[in-house]
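Here are my notes on the model you sent over.

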Amino acid sequence: MISSSFLSYLRRPCILCVFLFNAVGFSDALSPSIHRSRVLSSSTLNAAGEANIKIYENGNDLDIVNNSINNTVFDDERMMSSLSAQAIDMDDMIGMKGVEPPPVSNERYRAITLHAVDKVAEKHPEIIQHLDDIRLSGLIFPFKASPYLVDELIDWSVGTDKVRDDPFYRLVFPTLEMLSDKHREKLIKAKDDGDPSVIMKVVGEIRGDLNPHPAGQKTLNAPKSKSQETQSSLTGVQHKYSETVLVFPAAAQTCHAYCTYCFRWAQFIGDDELRFAQKEADSLFDYLSEHDEVSDILMTGGDPMIMQTRSLRQYLEPLCDPNFLPHVRNIRIGTRTLTFWPQRFTTDKDADELITLMRRVREEGGRHLAIMAHLGHFRELSTKKVQHAIERIQKEAFATIRSQSPVMRGINDDATVWAKKWRKEVQMGIIPYYMFMARDTGAQHFFDVPLEKAQRIYSDAIRNCSGLIRTARGPSMSCTPGKIEVTGVEEILGQKVFVLRFLQCRNEDWIGRPFFAKYDPKAVWYDDLEPLIGMELPWDENGIPKPVIPRLN
Ligand code: SF4
């Protein structure tokens, strides 16, 4: 817990007034005050662990600005929702009949950044007591919230103390409790000293200790093209499993809001060393033309749905031609926009173009288009706005929606929450897909749920649900060797063990084969697992799968 004396210290008038904010929106990034500012110092989070931060002189204040704003492609114009300007003959659109037209709205997306977090207090004074905590912890963890999430999903009525336990508050507002004692003390001391260069250094060191790039993504998942030219352009492509290629479009390297537990948080702190970003689609397509084994493209980020439709078009338009890369059958788009800004599919200026583009991939390209929706709690499905967005995706774009989410302490570590979520999803035509484990990065220790507890949550939830819900897999760890499901805890020859299996693996021979590990009630991640006496775990010390033992029969 954070001591009240520390919080009262933070509330004292500070000689060195430091406005700390990360990953500001485009409009803030270009605000006149920042343009007027003079850069006093800058740094990036490099191998030495320095932070990617610039310190600006701004009037009498010093602003520490996360440099990710310089790399974030975030078109505020797209957010100008002006449905009045849309003249669409709804009946002319295939599949539109019987679907209500999108509601007219003047809502405009504006990111709530750390710089402006106190504005939240104007509507929700329950946050005032927590602002200092948010500002300081927001130096380490990227912070951004969306007005929709803050105003429509967080239950502020529970009051100042309890609101921090609200799953959606916990989802976006960081706290110093997300840091280990050692890191928290170090950051507080740096803050006490008041020297911006020391704060920068400490922030960089702490971030460097938080395992910014888990599971060897940067090296082990690198694609290998025959062409040197293509290879050098594949700066935002990963190829871990033979049938699936991941692409991280440069314009998708942000989200409408940031989850406090995000395992891709390193992408939002603006360091090129840690960032995957594909600048154009052509080299991706060149790569795919060399790889007939690839049937699936997974567009991810950040969140690809933060992109304007015209940016998404460079990836999706060619796939509207069925003769183009015909071996690519499935397009998946990983997104949390349904929760953070469902208006993207309904009332944003280019929402209709987006829906039409998605439909063409299906109708003209003959491909399966799947929205891989990050949905972690049944309350996310409760608003009219999200319900309308889901309806448009299903009935106008003819895309499927699959749901996936990690199980996170204090957010959804409860079988009732998952059962209600999955039931509601199936009722709405969403296919339950995955329950994941908290990954070994960022604030894992704050959110993690032991493997045993997660497995119990999964089985308790699924046991009470219809068979249609049993498409959900998990709890699963996406780790260096592959995707490992915790299948159960059993007793073998008097010994309690974890039963596990690969749902995906770098070595496909392992997929579907069970294996065992010593039972450990504290284990939270695959590298906590230990082999049973006389047996081996199926990976080596680098996480690379060993050859499969020949079957006994
Ligand atoms: S939506 Fe996904 S990528 Fe974006 S912050 Fe949340 S977990 Fe991370």
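1. Start with Gly302, which sits in the loop between β9 and α14. The peptide bond joining Gly301 to Gly302 is cis, with omega about 15°. Helices and strands here are DSSP runs numbered from the N terminus (H or I over at least four residues for helices, E over at least two for strands). Bear in mind that this is a predicted model: local features need pLDDT of at least 70, side-chain atom pairs count only at pLDDT 80 or more, and totals for chains, interfaces and linings use all residues. Residues are numbered from 1 along each chain as its sequence is written.

2. Strand β9 (residues 296–299) pairs with β10 in the parallel sense, over four bridges; strands count as paired if DSSP finds at least two bridges between them. Leu298 is the residue opposite Arg332 in β10.

3. On to β10 itself (residues 330–335): five of its six residues are buried, so the strand is largely enclosed by the rest of the structure. Buried means 20 or more other C-beta atoms within 10 Å of the residue's own, exposed means 12 or fewer, and partly exposed is in between, with C-beta atoms placed from the backbone. β10 also runs parallel to strand β11 (residues 368–374), joined by six bridges, and Ile333 has Ile371 in β11 as its bridge partner.

4. These strands are part of an open sheet of 11, ordered β7-β8-β9-β10-β11-β12-β13-β14-β15-β16-β17, with mixed pairing. At the edges are β7 (237–241) and β17 (514–518), each pairing on one side only. From one strand to the next the twist averages 30°, using axes fitted as lines to C-alpha atoms and angles from 0 to 180 degrees between N-to-C directions. β7 and β8 (residues 244–247) run antiparallel, joined by three bridges, and Tyr241 is partnered with Thr244 in β8.

5. Which residues have the most contacts inside the largest nonpolar core? Among them are Val172, Val247 and Tyr258, in a core of 130 residues. Such a core is a set of buried Ala, Val, Leu, Ile, Met, Phe, Trp, Tyr and Cys residues joined through C-beta atoms within 7 Å. Val172 touches Ala145, Leu149, Ala257, Tyr258, Cys259 and Thr260, leaving out residues up to four places away in sequence; a contact is two C-beta atoms, placed from the backbone, within 7 Å.

6. Pro475 is in strand β14 (residues 473–478).

7. Two non-glycine residues have positive phi. Asn211, in the loop between α10 (196–209) and α11 (217–220), has phi near 50° and counts as partly exposed, with 15 C-beta neighbours inside 10 Å. Leu493 has phi of about 50° and lies in the loop between β15 (482–492) and β16 (495–505). Leu493 is exposed, with 6 other C-beta atoms within 10 Å.

8. For the overall tally, the protein has 20 helices and 17 strands, and 47% of its 553 residues count as buried.
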